[in-house]
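These notebook entries record what I looked up in the structure shown below. I went through ring pairs, the sheet, a helix and a surface patch in turn.

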Amino acid sequence: METQRGLLLLLGFALFLATVHATDDKNADQMPLLKSLYKSRSPALLPAALRADNETISPACSAELKRLFSGDIHTLGTDAVMALDAFGKPAAGFLQMNWAWLGHYDECMAIEGFNFCLVQMSLNATMLLHHNNKSSSVTANSAAGAFNQIAIRWGICPPTNCSEYDIHVVLKDILDAMKVLDGIITTEALQEDYAVCTKNPPIPYSAGFICAVTFCCLIATLMVTGALYDEYLQWQARTPSRQRLISKRDFSRPWRILNDDDDEDDDELLINDAGTVIQDVQTQSKQSLAARLLLCFAFNRNLSKLMDTKQGDASVGSINGIRVISMFWVMLGHTVIFGFSTQITDNTVALFAWLQTHFGFQAVANAFYSVDSFFFLSGFLLSYLTFPRFEELKTVKRWALFYFHRYWRLTPLFAFTILIYMYIPQFFGEGPIWQVGTQRPFCPKYWWSSLLYISNFWPTSFGSECIAWTWYLANDMQFFIISPLLMAPLYYYPVFGWLSLIATLLASMITSGWIVAENDFTLNLLGLLLPVDGKSYTDYVYGKPYCRIAPYLVGIGLGYIMYRTGKRKVKMSPFLALLGWLAAAGMGIGVVYGLYPSYKTPMTKTATVIYAAVSRFVWAVALAWVVYACKYGYGGWINKFLSWSLWVPLGRITFAAYMVHPIVIENFYSNFATTYHFSVYLTAFYFAGVVSVSYFVALFFALAIEYPFANLEKLILPTPKKRTKTLKGSDAAKENGIVTTMVVNGDQQVVTNSPSDKNIAINCN
């Protein structure tokens, strides 16, 4: 049987090759296969608009279209037949919202004189239901009735002489000629939105592209050169002529950049440098500013710092696991949503059915709370790390550095991502929908609002930002800006501080509920996608700081509680601990799966308002218990899992992963040459690939931009003055009792005055 199949395939392939090579023979009788292919799609008559001389399109395009749609098989060559074969045709599953007729991109692009174009058309759903009697079923109504305008993507293979404007003019005539809509819909119900033809290169080699490539090459050069210079320093450190007290494991880091207590005050970064370094002061002082700047970019140094899994006693290990798992959750939701947003899904109704009717899949449909996890972590880490140093924040200079630190740590990677997004990914793919995705219409207009962290207010439409997913950063920065107004009362006047925190929380909850009630928004995936009377839930609620601040406030409150608790042991009965875990689990499950019944029995307006008002607060409280219990010894195996050392390096590149993963997902789906078929099992494989590739790319983003610029901050910020103190019980104090604490290149170090160990500096963080 297998042999017979193989022979049939070879025979069919040979017949096809014979047909294709008969391009010079215009006798249709000698091309039976070509005739058969064309006959099934040949128009009965050339449309009137194409038969007549159409002055609105170019003469060359008009002549080619007349040849293509002449209806006379004897005048056609193989190229025209293959072009017609490459045109997209309606496939089965129209009522499943299979509205992408992509055609055959590779076949079209292989034909000389023809080019692939993607046409976006809008179909009036009401006219569709009226025209097709069978579409009055429940399935049809859910597929078409949910959208006033149906977006149809049609791949065509016109002659290269036809511009995008020419295609726009004669589109309906081409539809009539191809008969692709006969028996389905009328052309009167269609309206063309745009036509995009494949270009080579996909975008021009503009000044922006040249700058992006040049900047990437410069950064790569600094990383490699810095690593080579570091290797040279290591070689110097090993020479016997230099007497050093350096442990073997410290050879890889002979010059220190960040202090041990340089924990970040934001949830994305948290760059911990827990190593102990002993270094020659004279060598340090001889390093020029250029050398120190170069070492900031050293690839090997930053990589070893990133991979270091050490955590200090004061660290909260569970947040590493929460951060990484929340990032995985974000990627899972985006893997599903981005696949749908490409408008090439051939079973969209089945996708919506999974989101609505399958209980387990609610974790994907409600993945929006993964973002609230980051808001909570950001507020918690800010307060937990800032309150112990609050006494230092008493001058305008200190507060200026407080804000500068935050802006500096986020913005370089943010700006770099914008630069890359605008000019680089467009060259990493091809396909029927690729050219459409190369456009960046919003970045030239709104890049500045992103870097000023006001993109959740301007532009006014959610999703119109330069990089749409960075609305989160705008909210988080705005929370950070007002955070001193929340933390100062807590620190100096705790009662008043708690009242202020609670009042702000209640105001946010009431505002969220009122907006949802006033606009009759629906709190599910379809509610996010479908506007109500021209008003969008994403514009009014989802991206606004006054509706999203509740988890941040919970984080600040927890950080203050743990700051006041300090290292004291918390005593809690097993029953109370168990009750806390059950309550936290119940709250988390209730938030994530609470909308499930609404797909069968719509929620009342009161229930909708209550859920909108309190759900984010409840989710943050559940996370707060997890962090608190794990920190003070009541986490058990959950704490061991969340504090797993593997999460530490992954957590350090979470910010970079957040920035790059949508670009990875967009490039993945935009390379599809056929329609995307949703399947839970395929989605699982897609998700695994997205996570792997995103973190791999994020690693390079972090090492190229995030870590070097964090190191540069130590060079540009002012350093504290030299001071002396006595360290009782230290080895250095045993020699003469006095130890000088001095700053070398921004690092606090202890220098002994021992006659036998002169010029030995010991890190004293």
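I looked up Tyr596 and found a relative accessible area of 18%, so Tyr596 is buried (buried means under 20% relative accessible area, exposed over 50%, partly exposed in between, with a 1.4 Å probe and protein chains only). The model is a predicted one, in which local features need pLDDT of at least 70 and side-chain atom pairs count only at pLDDT 80 or more, while totals for chains, interfaces and linings use all residues. Residues are numbered from 1 along each chain as its sequence is written, and side-chain values use heavy atoms, with hydrogens and water left out.

Entry on aromatic pairs. I searched the whole structure and recorded 71 aromatic pairs. Rings of Phe, Tyr and Trp (its six-membered ring) pair if their centres lie within 6.5 Å; planes under 30 degrees apart count as stacked, over 60 as edge-to-face and the rest as tilted. I noted Phe297 and Phe709, whose ring centres are 6.2 Å apart with planes at 75°, so this pair is edge-to-face. Phe297 lies in the loop between helix H12 (289-296) and helix H13 (299-307), and Phe709 in helix H32 (residues 680-716), so the pair ties together parts 412 residues apart in sequence. Helices (H or I, at least four residues) and strands (E, at least two) are DSSP runs, numbered from the N terminus. I found Phe297 buried, at 4% relative accessibility, and Phe709 buried, at 18%.

I then returned to Tyr596, whose ring pairs with that of Phe359: the centres are 5.2 Å apart and the planes at 85°, so the pair is edge-to-face. Phe359 is in the loop between helix H15 (348-357) and helix H16 (362-365), and Tyr596 in the loop between helix H27 (574-593) and helix H28 (605-631), 237 residues apart. I recorded Phe359 as partly exposed, with a relative accessible area of 44%.

I also listed one aromatic cluster, whose members include Phe387, Trp399, Tyr403, Phe480 and Tyr563.

Entry on the sheet. I found an open sheet of four strands in the order E1-E3-E2-E4, with mixed pairing; two strands pair if DSSP finds at least two bridges between them. The edge strands are E1 (100-101) and E4, each pairing on one side only. I noted that E1 and E3 run parallel and are joined by two bridges, with Trp101 opposite Trp154 in E3. Strand E2 (residues 117-124) runs antiparallel to E3 (residues 149-156), with eight bridges between them, and Cys117 stands opposite Ile156. E2 also pairs with E4 (residues 190-197) in the antiparallel sense, over seven bridges; there Leu123 faces Leu190. I found seven of the eight residues of E2 buried.

Entry on the surface. I looked up a nonpolar patch formed by Trp447, Trp448, Leu452, Ile454, Phe457, Trp458 and Tyr546, with about 690 Å² of accessible area together. Patches are made of residues with over 30% relative accessible area and no salt bridge, like charges being joined within 9 Å and nonpolar side chains (Val, Leu, Ile, Met, Phe, Trp, Tyr) within 5 Å. A salt bridge is a side-chain nitrogen of Lys or Arg within 4 Å of a carboxyl oxygen of Asp or Glu. Accessible areas come from the Shrake-Rupley method with a 1.4 Å probe; for residues, only the protein chains shown count as cover. I placed Leu452 in the loop between helix H20 (443-451) and helix H21 (471-492), and recorded Leu452 as exposed, at 53% relative accessible area.
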